[in-house]
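Reader: I would like to go through a protein model feature by feature. Please give the general idea each time, then the case at hand.

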Amino acid sequence: MTSGRDDWRPTASSEMLRLRADILAKIRAFFAERGVLEVETPLLASAPVTDLHLQALSCRYRGPGTDEGRELYLQTSPEFAMKRLLAAGSGPIYQICRAVRNGEAGRRHNPEFTILEWYRPGWDHHRLMDEVDEVLATILGFATGERLSYAATFERYAGVKVFEETDAALRLRVKELGMSDVEGLSRNDMLDIVLTHVIEAKLGHCQPTFIHDYPASQASLARVRDGNPPLAERFEVFVEGVELANGYHELLDSAEQRRRFEADIKTRESQGLPAVPIDERLLAALDHGLPDCAGVAVGVDRLIMVAAGTRTIADVLAFPIDRA
């Protein structure tokens, strides 16, 4: 006797699952040939990222020594744990793992997804962009990507001079895009809206587009290069209008990293976002000494979407959130 329900079935076809397996095998072969060590780090950790745009799911662990339970977080990426390995002397490393981000679901998003992250000691973000290019050529057969600064990208595709535009002019531009309640938006919020609503769809159609040298206010975990204006040594990669990767020339200064974490926490409080602890183990690793390095995270599901020619993430997942 059957229930008549059909939602037990996977949303990805057998052919898609085989393509997925083939791409994962190619990724592992790519890094094995280059002597990059595959590692595994915990999905559960005592502290999540403080990033305002990433919300971690939490759970309560009860076991020996935790009579009242211990709050743990499902990691939004393996970045913090991988940096601890780098500080311990791991050398170049990569990881293919699951990550979880609360509230992210849609045509291009699933709250649980697969991420490829790797780190190269002794490299800066420009050299790492070269290797990302090689990965995309290996998996997707793409030609070498174009490289544009953040400022050049905005001027070319939106007519916005990022470092000259006033907040008032940006706010007017955002209103013209149909956004309401724009008065409370920060400058970075407004730039993100222009990027996602005007620019992204135009990127990476004939070749991958690498955007680099972001405003210092968007540095996140990247180092900032002095200048006028100072610039974050960070890059993102777009293919066919889809963001595939986000990379940094990594910040090494534990005091500066703590300052950024604390600033995020204050902003979270002012915006009514959930309070989160600071990852003291990461800061201790930075204190010990993170080697000069660059790192990048690639969305594997989106990579497979591009390879398969689909615009819907459910097509490349066995069981997306509505069938979990």
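Predicted model: local features only at pLDDT ≥ 70, side-chain atom pairs only at ≥ 80, totals over all residues.

Reader: How many helices and strands does the protein chain have?

Author: Helices (H or I, at least four residues) and strands (E, at least two) are DSSP runs, numbered from the N terminus. The protein chain has nine helices and twelve strands. Its radius of gyration is 20 Å, close to the 20 Å that the globule rule gives for 324 residues, so the chain is as compact as a globular protein of that length. That radius is taken over C-alpha atoms, and the rule is 2.2 Å times the number of residues to the power 0.38. Buried residues make up 46% of the 324; buried means under 20% relative accessible area, exposed over 50%, and partly exposed in between (1.4 Å probe, protein chains only).

Reader: Which residues touch the most other members of the largest nonpolar core?

Author: In soluble globular proteins, nonpolar side chains tend to be buried together. A nonpolar core is a set of buried Ala, Val, Leu, Ile, Met, Phe, Trp, Tyr and Cys residues joined through side-chain atoms within 4.5 Å. The largest one here has 38 residues, and Phe-31, Leu-116 and Trp-118 touch the most other members. Elements that each supply at least two residues include α1 (14-33), β5 (93-100), β6 (112-121) and α3 (125-140). The largest share, seven residues, comes from α3. Setting aside residues up to four places away in sequence, Leu-116 touches, among others, Ile-27, Phe-31, Tyr-94 and Val-298, where contact means heavy atoms within 4.5 Å. A second, separate core has 23 residues, including Ala-158 and Leu-203.

Reader: What describes a pair of aromatic rings?

Author: The distance of the centres and the angle of the planes describe such a pair. Rings of Phe, Tyr and Trp (its six-membered ring) pair if their centres lie within 6.5 Å; planes under 30 degrees apart count as stacked, over 60 as edge-to-face and the rest as tilted. The count by this rule is seven aromatic pairs. Phe-31 and Tyr-94 have ring centres 4.6 Å apart and planes at 20°, so the pair is stacked. It links distant parts of the chain, with Phe-31 in helix α1 and Tyr-94 in strand β5, 63 residues apart. Both residues are buried. Ring pairs join Phe-30, Phe-31, Tyr-94 and Trp-118 into a cluster.

Reader: Are β7 and β8 parallel or antiparallel?

Author: Strands of a sheet pair through backbone hydrogen bonds, either parallel or antiparallel. Two strands pair if DSSP finds at least two bridges between them. Strand β7 (residues 146-149) and β8 run parallel, joined by four bridges, with Glu-146 opposite Thr-209 in β8. The pairing of β8 with β10 is antiparallel, over six bridges; there, Phe-238 in β10 is the bridge partner of Thr-209. In strand β8 (residues 209-215), seven of seven residues are buried.

Reader: Is Arg-171 buried or exposed?

Author: Arg-171, in helix α5 (residues 167-176), counts as buried at 17% relative accessibility. Beyond its neighbours within four places in sequence, Arg-171 is in contact with Val-182, Glu-183, Leu-185 and Met-190.

Terms used: Residues numbered from 1 in each chain as written. Heavy atoms only, no water.
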